[in-house]
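Biologist: Could you take me through this model? I'd like to start with the terms you use.

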Amino acid sequence: MSLKHETGPVRRQQIIDAARKLIILKGSEHVTIKGLAHEVGISEAAIYRHFNGKRDVMLLLVDDVGANLLNDIKDSGSKKGRDVIDRLNHILNRHISAIEQRRGVSFQVIAEIISLGDRGLNARVADIVDRYIARLKTLLEEGIGTGELRKDLNAEATAVLIFGLTQGVVNLWALNNYGFDLKKRYNTLWSTLRQTITGDGAGYVMKESKPK
């Protein structure tokens with residue numbers, strides 16, 4: 001067992017990284033204090049010096065996942081000269097890249113945490129997803145305003161669709177034991193999505209019609 005002393009923030013990050021790894025390997029129900037201690041190489045008592053229990057670890061993990069997702073969107077906005085389509089592709093590519101490197105770190109963890117049925121955790125996840133979708137919606141509205149995206153696009157519905165598309169392909173990847181080329185599957189979906197939101201393809205998400 002490791003006796004190396006780490007600062008509080010470093011140790012907490014190690015613990016939530018261990019929780020993420022255990023979720024991907026075994027599922028969220030297998031995240032235990034004993035398992036976390038073993039993964040990090042510290043005692044169970046050391047885990048309790050940083051967290052009151054498993055639920056506290058999961059709450060911080062949710063926040064970490066949310067920060068990663070939102071930072072991908074924030075990072076895309078710093079790319080000067082990029083149009084909205086390129087920025088959106090950059091965001092989704094960042095997600096897929098992280099997923100390939102860390103086995104579904106964001107979207108698979110979200111699905112696993114929801115499966116626990118904890119109302120508090122689900123509320124935290126819902127808040128993060130709502131903020132993520134809201135930022136996608138803002139980006140899509142920018143594209144509609146500049147004429148890059150079709151004028152009759154429903155930005156909010158499309159943002160939800162993009163989230164669902166990414167979540168869905170990751171779930172399929174996990175169900176297939178990570179057996180297909182995720183990037184190749186994404187590229188096919190991106191081509192269809194791009195045609196849809198720019199109007200280059202036949203299908204698109206219309207604005208909701210107003211009642212007369």
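Modeller: Buried means under 20% relative accessible area, exposed means over 50%, and partly exposed lies in between, with a 1.4 Å probe and protein chains only. This is a predicted model, so local features need pLDDT of at least 70 and side-chain atom pairs count only at pLDDT 80 or more, while totals for chains, interfaces and linings use all residues. Residues are numbered from 1 along each chain as its sequence is written, and side-chain values use heavy atoms, with hydrogens and water left out.

Biologist: Fine. How many helices and strands does the protein chain have?

Modeller: Nine helices and zero strands. Helices (H or I, at least four residues) and strands (E, at least two) are DSSP runs, numbered from the N terminus.

Biologist: How much of the chain is buried?

Modeller: Of its 212 residues, 43% count as buried. As for contacts, meaning heavy atoms within 4.5 Å, residues 24 or more positions apart account for 69% of those with a separation of 6 or more.

Biologist: On to T166. Is it buried or exposed?

Modeller: T166 is buried, at a relative accessible area of 4%. It lies in helix α8 and touches L92 and F107, not counting residues up to four places away in sequence.

Biologist: And N171, where is that?

Modeller: Also in α8, which covers residues 155–175. N171 is partly exposed, with a relative accessible area of 28%. F107 is 64 residues from N171 in sequence, and their C-alpha atoms are 7.9 Å apart.

Biologist: How do α8 and α9 pack?

Modeller: At an angle of about 160 degrees, with the axes 11 Å apart. Axes are lines fitted to C-alpha atoms, for helices over the stretch in contact, and angles run from 0 to 180 degrees between N-to-C directions. Angles under 35 degrees count as roughly parallel, over 145 as roughly antiparallel, 65 to 115 as roughly perpendicular and the rest as oblique. So α8 and α9 are roughly antiparallel.

Biologist: Which residues meet there?

Modeller: T158, I162, L165, V169 and W173 of α8 meet L182, R185, L189, L193 and I197 of α9. By class, that contact has eight nonpolar, one polar and one charged residues. Ala, Val, Leu, Ile, Met, Phe, Trp, Tyr, Cys and Pro count as nonpolar, Asp, Glu, Lys and Arg as charged, and the others, Gly among them, as polar.

Biologist: What does the T198 side chain reach?

Modeller: The backbone oxygen of R194, at 2.7 Å. T198 is in helix α9, residues 182–198, and at 18% relative accessibility counts as buried. Leaving aside neighbours within four places in sequence, T198 is in contact with I85, E148, L149 and R150.

Biologist: Different topic. What angle do α1 and α2 make?

Modeller: About 110 degrees, with axes 9 Å apart; α1 covers residues 8–26. That makes α1 roughly perpendicular to α2. R11, Q14, I15, A18, A19, K21 and L22 of α1 make the contact with G35, L36, E39 and V40 of α2.

Biologist: Which residues of α2 are buried?

Modeller: I33, G35, L36, A37 and V40, in a helix that covers residues 33–40. Just after α2, G41 has a positive phi of about 90 degrees.

Note on methods: Polar contact = N/O pair within 3.5 Å; in protein donor to acceptor, adjacent residues only side chain to side chain.
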